[in-house]
Amino acid sequence: MSDDVLVPRFAAFRSTIFAEMTALANRTGAINLGQGFPDSEGPAELLSAAAVAVLSGRNQYPPLPGVPELRTAIAEQRWSDYGTPYDPDTEILVTAGATEAIAAAIAALVPAGDEVLVFEPYYDSYGAAITLAGARRRTVRLRPENDRFTFDPEELAAAVTPRTRAVLVNTPHNPTGTVLTPAELAHIAELCRRHDLIAITDEVYEHLTYDGIRHVPLASLPGMAERTLTISSAGKTFNVTGWKVGWVCGPQRMVAAVRTVKQYLTFAGGTPFQYAVAAVLPDRRRWLDDLRARLSAARDTLRDTLTSAGWRCFSCEGTYFLQADARSVGYRDGIALCQDLAIEAGVVAIPSSAFHADPAAGQELIRFAFCKSPAVIATAAKRLAGFADTQHEEGMAPWWLARRSA
Ligand code: PMP
């Protein structure tokens with residue numbers, strides 16, 4: 001038997017740049033602004049609720065759809081934040097993070113050979129989830145317009161074929177930081193209604209929006225509730241990315257289909273964590289106001305320090321992520337820049353090509369995660385500014401020089 005036992009359709013997913021960059025951070029001792037996980041704890045009440053749940057014997061299988069307390073808390077949150085009603089018994093399903101929800105949703109709702117429309121760049125699990133389902137991916141590019149990434153509605157409309165079954169929408173968006181506006185969502189909704197498409201939305205950063213911008217769920221638009229599966233999770237909302245408590249909300253027939261697939265992926269899990277999230281979700285507001293303030297301050301420090309040093313940064317309306325243009329510090333290739341940054345500046349970032357099906361696309365961009373403490377962000381920003389200064393002194397950054405002389 002050959003050593004290479006991986007089936008060919010997964011060959012393209014073999015190595016991830018995330019693992020490579022994390023290894024580089026560990027090897028060099030660089031500050032890791034690569035993978036998006038916070039370096040501070042979630043609310044104390046959440047952590048103690050989990051400990052209490054473990055110690056009070058909440059340790060066996062939860063019901064397949066999730067513990068009723070959590071489903072009720074999710075229904076309350078969706079209703080009070082967005083006015084979208086869900087029946088906790090039939091229209092909500094708890095999953096092993098948003099990742100399982102996305103994979104189960106595609107497998108349950110998209111027949112093999114049919115197409116899923118995704119906006120590129122996209123979170124790396126989407127491609128693998130579509131492949132796992134035997135479905136096909138069609139991409140629509142997000143491109144910067146005045147430094148904010150958006151799509152061309154005509155390009156979106158042209159991507160629909162008779163085989164298109166679903167559109168997968170992530171807002172707030174990783175890695176671009178775009179929060180789709182009601183007008184942008186209306187284009188997507190109109191297309192879904194016109195072609196009778198399913199929408200699957202990834203809203204894991206729903207609460208992490210800045211500068212007064214508000215997240216709008218696609219399901220809240222006219223005619224969308226009956227065709228949209230809304231996915232979110234507790235990881236980003238409460239700084240517990242390792243807990244993997246996610247959920248799916250949608251019409252009964254769609255949620256039942258996802259439940260059928262999910263049943264044989266993991267069945268159910270994370271009982272004490274489900275109880276803990278149920279206990280704090282109703283009291284989320286003060287925690288979230290504080291979290292948003294801390295994250296937007298970190299974004300500002302990073303963006304402002306980098307911009308003053310000649311980096312070109314893109315707009316960031318939400319999420320943990322800020323993208324920058326490698327060309328502004330004299331590089332054409334984000335991978336080469338990330339390797340040099342780890343060694344010469346002591347900061348690890350992710351090349352945005354990791355979020356593209358076509359590795360040549362997004363080649364000039366890199367992504368920083370700013371979900372870190374103020375001291376870590378300040379140090380990283382200073383190092384990145386110093387790196388830019390060195391590059392500019394060597395006369396390697398035409399974009400910056402052109403701007404400075406303008
Ligand atoms: N979707 C997006 C856009 C993400 O950025 C992430 C986490 N980085 C996930 C889904 C995964 O969520 P979870 O950890 O709940 O599976």
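I count a residue as buried under 20% relative accessible area, as exposed over 50%, and as partly exposed in between, using a 1.4 Å probe and protein chains only. With that rule set, I looked up Y122 and found it buried, at a relative accessible area of 5%.

**Ground rules**

I am working with a predicted model, where local features need pLDDT of at least 70, side-chain atom pairs count only at pLDDT 80 or more, and totals for chains, interfaces and linings use all residues. Residues are numbered from 1 along each chain as its sequence is written, and side-chain values use heavy atoms, with hydrogens and water left out.

**Entry: the whole chain**

I began with the secondary structure, and the protein chain has 14 helices and 15 strands. Both are DSSP runs numbered from the N terminus: helices are H or I with at least four residues, strands are E with at least two.

Next I checked the overall dimensions. Along the principal axes, the C-alpha atoms fill a box of roughly 65 × 55 × 50 Å.

I then looked at burial and found that 54% of the 406 residues count as buried. The chain exposes about 17,000 Å², with carbon and sulfur atoms supplying 53% of it. These areas come from the Shrake-Rupley method with a 1.4 Å probe, and for residues only the protein chains shown count as cover.

For contacts (heavy atoms within 4.5 Å), I took those with a separation of 6 or more; residues 24 or more positions apart account for 76% of them.

I have 39 positive and 45 negative side chains, and the centres of the two sets lie 2 Å apart. Lys and Arg count as positive, Asp and Glu as negative, while His and the chain ends are not counted. Each charge is placed at NZ of Lys, CZ of Arg, CG of Asp or CD of Glu.

**Entry: aromatic rings**

How many aromatic pairs does the structure hold? I get 14 aromatic pairs. Rings of Phe, Tyr and Trp (its six-membered ring) pair if their centres lie within 6.5 Å; planes under 30 degrees apart count as stacked, over 60 as edge-to-face and the rest as tilted.

I picked Y61 and F267, whose ring centres are 5.9 Å apart with planes at 85°, so the pair is edge-to-face. This pair links distant parts of the chain, 206 residues apart: Y61 is in the loop between helix 2 (44–55) and helix 3 (68–82), and F267 is in the loop between helix 9 (252–262) and helix 10 (271–280). Y61 is exposed at 71% relative accessibility, while F267 is partly exposed at 32%.

I went back to Y122 for the next pair. Its ring and that of Y126 have centres 6.1 Å apart and planes at 10°, so they are stacked. Y126 is buried too, at 2% relative accessibility. Y122 and Y126 also form one aromatic cluster with Y123.

Q263 lies in the loop between helix 9 and helix 10, and I find it partly exposed at 27%. Its C-alpha is 6.9 Å from that of L64, although the two are 199 residues apart along the chain.

**Entry: Y331**

I found Y331 in the loop between strand 12 (321–325) and helix 12 (334–345). Buried or exposed, by its relative accessibility? Y331 counts as buried, at 13%. Leaving out residues up to four places away in sequence, Y331 touches A326, A336, L337, D340, F387 and Q391.

Most residues other than glycine have a negative phi, and most peptide bonds are trans. I noted these exceptions.

- The E120 to P121 peptide bond is cis, with omega near 10°; P121 lies in the loop between strand 3 (115–120) and helix 5 (125–132).
- The N174 to P175 peptide bond is cis, with omega near 10°; P175 is in the loop between strand 7 (164–170) and helix 7 (182–195).
- D147 has a positive phi near 75°; I place D147 in the loop between strand 5 (143–145) and strand 6 (148–150), partly exposed at 26%.
- T319 has a positive phi of about 75°; T319 is in the loop between strand 11 (312–313) and strand 12, and is buried at 0% relative accessibility.
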